[in-house]
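Work through the two exercises below with the sequence and the model at hand, and compare each step with the worked solution.

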Amino acid sequence: MSKNMKIKYYGVRGSIATPGKSFEKYGGNTTCVCIETDKDLFILDAGTGIRNLGNDLLKRQFGSKEGGKAHIFFSHTHWDHIQGFPFFLPAYLPQNEFTIYGETKEIKSQDENNLERIETWSIERTLSTQQTFMFFPASTQNMGAKLKFNEINHENSIKTKTTEIKTLRIFHPNNSVAFLFDFFGKKYCFCTDVEHNDLMIEKISDFAKDADILAFDCQYTPDEYENGRKGWGHSTYEIAAEICNRAGVKNLHMIHHDPSHDDKMIDDIHKKALRLFKNTTAICEGQEFFI
Ligand SMILES: [Zn+2]
Ligand SMILES: [Zn+2]
């Protein structure tokens with residue numbers, strides 16, 4: 001029995017997809033990662049990258065009569081993390097089953113009399129709203145596969161036969177969730193859409209302690225962050241390197257590349273990041289890792 005965890009990135013662009021020649025190396029699809037062990041398949045976020053993942057899965061058991069099962073975890077529900085879901089073809093086949101996890105949000109709004117009310121948005125409600133008829137022809141109810149929705153409860157980790165998944169709420173407009181996958185002591189930490197402050201740096205350093213890989217939101221250069229991007233919900237390679245050094249992380253994966261950063265600019269940012277933390281990779285769409 002193989003005891004490896006395979007991580008493949010299907011989308012590493014932040015905010016909005018960026019097709020075009022100057023984005024070919026790092027890729028234009030928004031966030032989606034696939035993690036596989038010998039027994040489980042996990043999907044992190046459903047940005048536009050999940051369309052290619054779906055096509056790959058259809059060539060395997062998810063396209064067969066027996067069907068397949070996977071878990072899908074949502075860090076949060078900004079467009080760049082959910083937009084690919086309606087184009088995830090395995091979810092339309094009745095033999096497949098997906099267990100979906102996301103945070104339930106309480107959102108303040110005003111009713112017609114200007115009275116404040118609280119709206120509850122479960123992951124099920126948010127995904128099905130994205131697929132109401134005004135926006136997309138097929139509803140989530142018509143997707144065919146068995147979709148089981150679960151709320152993330154940060155008190156309890158999620159356990160499968162082989163893997164324990166811990167969660168941490170992180171600072172971002174309307175919050176995001178970081179995930180730590182522990183597969184027989186091999187640890188992959190996914191931490192995207194996070195803006196740093198002292199408390200966050202401390203909490204994430206504890207959460208990612210001794211991880212083999214930390215995938216971290218490196219959307220901005222430190223200069224961009226300081227000049228007009230504060231409060232936008234993202235971080236820098238400088239902070240990522242600080243966390244990796246503090247937490248004893250073995251490898252840093254830079255993700256959530258800014259849509260205005262072309263290949264040349266990301267190459268340049270990567271060089272600067274390497275000076276702060278040796279084992280840093282600026283992730284390209286399609287890259288695979290084994291731990
Ligand atoms: Zn994002
Ligand atoms: Zn976001």
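**Exercise 1: the metal site**

The donors of the zinc ion (ligand 2) are spaced H-x1-H-x93-H-x20-D along the chain, where donors are N, O and S atoms within 2.8 Å of the metal (3.2 Å for Na, K and Ca), and water is not among the atoms, so sites may look incomplete. This is a predicted model, in which local features need pLDDT of at least 70, side-chain atom pairs count only at pLDDT 80 or more, and totals for chains, interfaces and linings use all residues. Residues are numbered from 1 along each chain as its sequence is written, chains are lettered from A and ligands numbered from 1 in the order in which they are written, and side-chain values use heavy atoms, with hydrogens and water left out.

Task: identify the residues that coordinate the zinc ion (ligand 2).

Solution. Step one: the coordinating atoms come from His76 (NE2), His78 (ND1), His172 (NE2) and Asp193 (OD), at 2.2 to 2.4 Å. Step two: Asp193 also coordinates the zinc ion (ligand 1), which is 3.6 Å from the zinc ion (ligand 2). Step three: both His76 and Asp193 are buried, a term for under 20% relative accessible area, with exposed meaning over 50% and partly exposed in between (1.4 Å probe, protein chains only).

**Exercise 2: charges over rings**

Task: find which ring lies under the charged end of Arg125.

Solution. Step one: a charge sits over a ring if NZ of Lys or CZ of Arg is within 6 Å of the ring centre and within 35 degrees of the ring normal. Step two: the charged end of Arg125 sits over the ring of Trp121, 3.6 Å from its centre. Step three: for Lys3, the ring is that of Phe184, with the charged end 4.4 Å from the ring centre.
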